[in-house]
Amino acid sequence: MIYKIRVILDAEEDIFRDLELEAGSNLEELHNAITQSFGFLGEEMASFYTCDENWVQDEEIPLFDLSEGDEDGHLMRAITLSDVMDEDSPKLLYVYDFLNMWTFFVELADITPKEDGRSYPNLLFSFGEVPESPPEKRFEANEGPELDEPFGSYDDMDFDENWN
């Protein structure tokens with residue numbers, strides 16, 4: 001089967017690429033297709049993130065293992081598209097170049113039979129020009145529950161008096 005995927009740059013203007021990949025392709029192949037279709041060299045660190053329907057990120061799937069261990073289980077090369085995307089969970093987040101934080105929304109648009117004579121991955125459609133620098137990110141926390149201060153007001157506490 002073929003996954004038709006739309007990759008949208010997180011920017012004010014519309015910039016996206018529509019790609020086709022085989023369902024058995026691994027996430028490293030998707031990473032390569034994304035970087036090539038957006039004109040990046042593909043030499044920077046990158047990660048995919050599983051997410052819910054509201055794009056809230058969950059599990060990280062990095063390009064390279066930066067931990068002390070040597071397990072490949074959660075690396076892009078070990079996870080296929082069909083492992084992390086289907087009709088029920090069609091979304092991933094993708095971050096390329098952690099210094100510049102190019103951020104993309106990756107969404108499964110369709111699953112179709114493979115066409116004879118067509119090579120994959122395949123760039124179906126390209127819309128918009130990639131800016132020279134990544135769009136600026138605003139990191140904001142969601143409003144959380146109001147917490148009671150267990151010690152009353154911290155203004156009333158004397159630093160020297162409460163130092164251990």
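Modeller: The side chain of E22 makes a polar contact with the side chain of K114 at 3.4 Å, a polar contact being a pair of N or O atoms within 3.5 Å, where within protein one must be able to donate a hydrogen and the other to accept it, and residues adjacent in sequence count only if both atoms are side-chain atoms. This is a predicted model, in which local features need pLDDT of at least 70 and side-chain atom pairs count only at pLDDT 80 or more, whereas totals for chains, interfaces and linings use all residues. Residues are numbered from 1 along each chain as its sequence is written, and side-chain values use heavy atoms, with hydrogens and water left out.

E22 belongs to strand β2, strands being DSSP runs of E with at least two residues and helices runs of H or I with at least four, numbered from the N terminus. With a relative accessible area of 30%, E22 is partly exposed, the class between buried (under 20%) and exposed (over 50%), with a 1.4 Å probe and protein chains only. Setting aside residues up to four places away in sequence, E22 touches M1, I2, L81, K114 and Y120, where contact means heavy atoms within 4.5 Å. E22 and P113 are separated by 91 residues in sequence, yet their C-alpha atoms are 9.4 Å apart in space.

Beyond its neighbours within four places in sequence, F48 is in contact with residues including L27, L30, H31, I34, M76, L92 and V106.

For the protein as a whole, the secondary structure consists of two helices and seven strands, in the order β-β-α-β-β-α-β-β-β from the N terminus. Of its 164 residues, 35% count as buried, and among contacts with a separation of 6 or more, residues 24 or more positions apart account for 61%.
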